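Open the structure and keep the sequence beside it. Work through each exercise before you read its solution.

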Amino acid sequence: MNQQRVAICNAVVLARLLNATLVVPKFMYSSVWRDVSQFSDIYQEEHFINYLTPDIRMVKELPNRLQSLDLEAIGSVVTDVDIPKESKPSFYLKNILPILLRNGVVHLLGFGNRLAFDPIPFQLQRLRCRCNFHALQFAPKIQETGALLLRRLLKHEGHSGPLDHYLVGPYADSIMKEKRGQSAKASRYLAIHLRFEIDMVAHSLCEFGGGEEERQELEKYREIHFPALAHLKKTTKLPSPAEIRSEGLCPLTPEEAVLMLAALGFNRKTHVFVAGAQIYGGTRRLGALNSLYPYLVTKENLLSATELEPFKNFSSQLAALDFIGCTAANAFAMTDSGSQLSSLVSGYRIYYGGGKMPTIRPNKRRLAAIFVKNSTIEWKVFEQRVRKAVRQTKHIQSRPKGRSVYRYPRCKECMCPTD
């Protein structure tokens, strides 16, 4: 869902750059996520079209005269292989515009992170922000269930969260109705995104203490889902798992996440919402989190099987619920700063949160050096070092050149919300 969101915003900007009409994006089927969701299953299609009407022309389907064309045969299919990562606008004007002018249509297949953040004209950068923070609103069924999730997370909170309206739209009122009847102590919560699903674990080339059985399992997964990486691993001398870990390139395990949170002062009374799909290692791997944080919940705990049934087997729609739960949290912690969900959540909190919604973004290289010594280090020393490592993580106020406007919206192009 998060990769798709970024691709949508980039496609909108590209349509404006090329003076082209955009067909409402269609989502590809992924062998990893196995989700057949399409645009209107996740976002409000009519709002998306209407909000962006002043900026670009948009249609829901290709015109009939173009539908009958064999786009691949006429050279109109452009894949990620054809476009370098973070290509500048000049690349598209030189290489993609001629195809569009010649054939009348271009099909961007995949279109991942293929548009640079700099240099790019001011109005195009602003359009990116308008698309991400305003045009893409979740579909009503996601908003309604998201409001139910927040209602149960914040059941004793005495006021509406600052982002409730932006996340769940008209259903934000239902959260307040439930809260007014409560007199118990406020139930603030910490959200943490554990990016420790098998795809992340396998792609990292790290080891996580599972020995030969783990190595074989991850190698088989790579051969099926990441064949290029599996081939590279067999034919090229790559850094060892220990070297990768020392560079801070391994995702934090649930056990390491627990140590980090405890060192930062989150005690057993902390209400914790854990976002993420199926954690690699299952309930066994979550044991440390559950034992230290008895008030730990997931969307699967808070919502009944009946309430989750409409989202069953739709990982992108489930990710949208996690997005809502994380974004509305009193504090948000990530275990992998490179994850798209963590990036988009932290950016959303900055954009709409007025600088009052803390996000914990750890420096994994510094933490790795500390964790190596955690069998011999005293707790007070460990606590001091973790807090220092987190404090020294760059808390960037404005967007650095070339960095994502979705993660760092503090720039003159973005920080001017308009509805």
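This is a predicted model: local features need pLDDT of at least 70, side-chain atom pairs count only at pLDDT 80 or more; totals for chains, interfaces and linings use all residues.

**Exercise 1.** Which residues point to each side of strand 8, and are they buried or exposed?

*Solution.* Start with the rule: in a regular strand, side chains alternate between the two faces of the sheet. Now find strand 8, residues 331–334. Ala331 and Ala333 lie on one side. Phe332 and Met334 lie on the other. Next, apply the cut-off: buried means under 20% relative accessible area. All four of these residues are buried, so both faces of strand 8 are covered.

**Exercise 2.** Sort the residues of strand 5 by the way they point.

*Solution.* Strand 5 spans residues 190–193. Leu190 and Ile192 point one way. Ala191 and His193 point the other way. All are buried.

**Exercise 3.** Which strands pair with strand 5, and in what sense?

*Solution.* Take strand 8 to begin with. Four bridges join strand 5 to strand 8, and the two run parallel. Check the residues: Ile192 stands opposite Ala333, and His193 stands opposite Met334. Then take strand 6, residues 272–275. Four bridges join strand 6 to strand 5, again in parallel. Here Leu190 has Val272 as its bridge partner.

**Exercise 4.** How many bridges link strand 8 to strand 9, and what is the hand of the crossover between them?

*Solution.* Strand 9 covers residues 359–360. Strand 8 and strand 9 pair in the parallel sense over two bridges. Ala333 stands opposite Ile360 in strand 9. Now follow the chain: from strand 8 it passes through helix 21, residues 340–353, to strand 9. This β-α-β crossover is right-handed.

Terms used
Residues are numbered from 1 along each chain as its sequence is written. Side-chain values use heavy atoms; hydrogens and water are left out. Buried means under 20% relative accessible area, exposed over 50%, partly exposed in between (1.4 Å probe, protein chains only). Two strands pair if DSSP finds at least two bridges between them. A crossover is right-handed if, with the strands pointing away from the viewer, the path from the first strand over the helix to the second runs clockwise.
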